[in-house]
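Work through the exercises below with the structure open. Each task is followed by its solution.

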Amino acid sequence: MHTIRRPGFPGNTPWLAFAVLLVSGGLVYLLGPILTPFLAGALLAYIFDPLVDRLETRGLSRTTGTVVVIVLAGLGVLALLLVALPLFQGQFAELSQRVPAAFDLLRTRFLPWLQQTFGIGIDFNLAALKTWLTEKATQNGTAWLPSLQTGALAIVGVLVNLLLIPVVMFYLLRDWDVIVARIATLAPRRWLGTVTRVARDMDAVVGEFLRGQLAVMATLSLYYALALWAAGLDYALPIGILTGVLSFVPFLGFGLGVILALLVALLQFTDWTGVAWVAGIYLAGQALESYVITPRLVGKRVGLHPVAVIFALAAFGQLFGFVGVLLAVPLAAILLVALRELRGVYEASDFYAGSYNAGSFDSASSTMSAPLFESHIASLPLVHRGKVRDIYAVGDDKLLIVTTDRLSAFDVVMPIPIPGKGEVLTRVSAFWFDKLKAIVPSQALDIAPESVVADSERDQVAGRAIVVKKLKALPIEAIVRGYLAGSGWKEYQASQSVCGIPLPAGLVQAGRLPEPIFTPSTKAALGAHDENIAFEQMATLIGQDLATQVRDASLALYKSAAEYALTRGIIIADTKFEFGLDEAGKLVWIDEALTPDSSRFWPADQYQPGSSPPSFDKQFVRDWLEGSGWNKQAPGPALPAEIVAKTSEKYREVMTRLLA
């Protein structure tokens with residue numbers, strides 16, 4: 001059995017990461033007072049980017065989609081205000097009618113109680129109070145003026161920030177993909193795959209944080225509304241909901257809610273018992289939020305221990321004030337992903353293994369993996385060993401898919417593995433799954449493969465495996481062809497058609513088709529050959545509606561991928577997709593995604609219609625096999641060392657181009 005080593009980073013990476021964190025923290029500390037609208041706008045852009053992506057796939061331009069999303073969000077906020085404001089207006093109008101009774105209660109009950117209990121005598125004279133306030137205002141007006149000016153400027157600042165948020169959101173949301181792509185170009189090329197994977201993990205963690213925060217808001221709204229209602233407080237429902245919704249900003253929901261609730265309690269209850277109950281409800285709610293609800297609903301989702309969540313809130317609040325508290329948990333979650341990666345690098349290092357030799361470090365070896373022909377994961381049940389992938393069961397509802405370095409050509413597995421091939425297929429698939437998720441979701445889960453196997457087996461999965469949902473796979477392969485190549489070109493020469501689909505006369509080898517065509521096939525078992533079938537046959541196998549979904553999704557995936565790949569100097573001549581159904585019967589993308597194994601990739605700068613272009617994929621091996629005299633029956637011939645090396649180089653080149 002061959003195993004692989006986890007790709008590492010140069011030795012100065014921890015210091016570089018520390019310097020970046022230090023500079024970033026210093027900037028946040030210095031710019032904290034003005035960051036709030038920019039952070040809020042960035043957060044909203046991040047949240048709504050998938051929706052804009054979906055609108056793009058439906059034909060809207062990025063700018064139009066951004067405007068539509070912002071308008072819809074604004075209408076949503078306006079609708080909430082139109083519902084909430086009349087409610088609060090009626091409630092506060094009723095409260096204002098109770099103010100005289102409250103003053104009377106203060107004069108007749110509270111002040112006498114103070115006199116009897118503590119010997120404190122207060123002469124409550126409303127006219128005298130007005131006279132005193134007028135005199136103080138006249139005498140000290142000059143002294144108060146700077147304070148009034150400061151307060152007015154603060155109000156103006158708040159209004160400016162509120163108006164700035166949608167502006168920042170618009171520009172960031174419109175240019176989100178461009179900004180992300182530009183940031184990606186700054187990553188060192190040799191680290192790009194790892195950086196992409198880490199960024200994807202961080203994106204998943206922050207998404208879990210947002211979902212967890214929504215759960216916190218709903219839980220707190222329910223708690224405060226029910227508890228205040230049980231205490232007999234008027235307006236328990238709106239005050240409880242307001243407290244829960246505003247809990248997204250730490251301490252704001254609690255602070256505003258307790259003020260409103262205590263005000264209502266003081267005006268409503270004739271003794272201090274009711275007021276004490278309201279105060280107790282909020283104290284208990286704050287304790288539950290800080291020590292139970294947020295740590296469990298947010299911390300558990302993002303993988304943070306409850307103590308870590310509490311520490312993050314306190315530490316970031318102390319360092320960066322309000323902005324720090326707002327960003328505490330998502331930043332802590334992102335740091336958690338970074339620490340996981342550093343742990344993986346450390347555990348894969350010679351220093352950890354006990355054989356560190358500073359003079360023998362070879363940077364090239366840190367990016368190359370020893371070939372893995374067959375995995376042996378004893379800690380999980382083996383479900384299936386395919387042509388390239390080994391599949392293991394993870395519980396009853398998940399699978400671990402290990403992409404080996406085996407190479408299959410003409411449906412026969414070659415006896416010699418291609419170094420690095422499994423890693424390339426895994427990274428390229430993950431890239432496409434994420435990029436095209438708006439068209440059709442994938443089965444991939446945000447679970448580290450290393451976490452589901454024994455420690456001694458982590459080297460077999462690091463960088464080359466994914467954990468996926470267990471789905472019902474469809475018994476067909478969805479093939480899309482955009483150019484005439486391979487068996488399609490041979491059939492066209494004989495019948496002027498491909499898989500029974502008539503094509504125009506005069507097309508040449510490697511020529512681009514007028515429109516991509518969908519040519520499904522059966523999915524053969526190991527050692528058997530796939531067979532092309534007509535769309536009508538596929539519809540008989542899986543049903544007309546599902547067949548139509550598969551065809552439309554395949555064509556949409558191919559067109560989007562081909563357009564992007566062309567900007568990276570790659571022509572995708574044809575490709576193969578596989579799909580499954582989830583528990584709700586919805587179509588899900590499975591197996592691999594637009595890799596050199598499932599697609600035919602050509603370099604755009606060497607493309608010449610009329611001749612077979614050079615290839616980035618395993619066509620290089622196919623061409624050698626065609627000329628070797630092999631009868632295309634198992635077992636396959638041993639590949640020469642130069643063919644293995646050249647194929648490995650081509651696989652890595654296509655990954656570098658696509659992920660750059």
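**Exercise 1: Confidence**

In the protein, which helix has the lowest confidence and which strand the highest?

Step 1. Confidence is lowest in helix α11 (residues 350-353), with a mean of 51, and highest in strand β8 (residues 476-483), at 94. The scale is pLDDT, the predictor's confidence in each residue, from 0 to 100. Helices (H or I, at least four residues) and strands (E, at least two) are DSSP runs, numbered from the N terminus.

Step 2. Over residues 353-368 the pLDDT is below 50; this stretch has 11 contacts in the model beyond near neighbours in sequence. Contact means heavy atoms within 4.5 Å.

Step 3. The protein has a mean pLDDT of 77, and 68% of its residues reach 70 or more.

This is a predicted model, in which local features need pLDDT of at least 70, side-chain atom pairs count only at pLDDT 80 or more, and totals for chains, interfaces and linings use all residues. Residues are numbered from 1 along each chain as its sequence is written, and side-chain values use heavy atoms, leaving out hydrogens and water.

**Exercise 2: The sheet**

Give the strand order of the open sheet of four strands.

Step 1. The order is β1-β2-β3-β6, with antiparallel pairing. Two strands pair if DSSP finds at least two bridges between them.

Step 2. β1 (382-385) and β6 (465-469) are the edge strands, each pairing on one side only.

Step 3. Strand β3 (residues 398-403) is joined to β6 by five bridges. V402 stands opposite A465 in β6.
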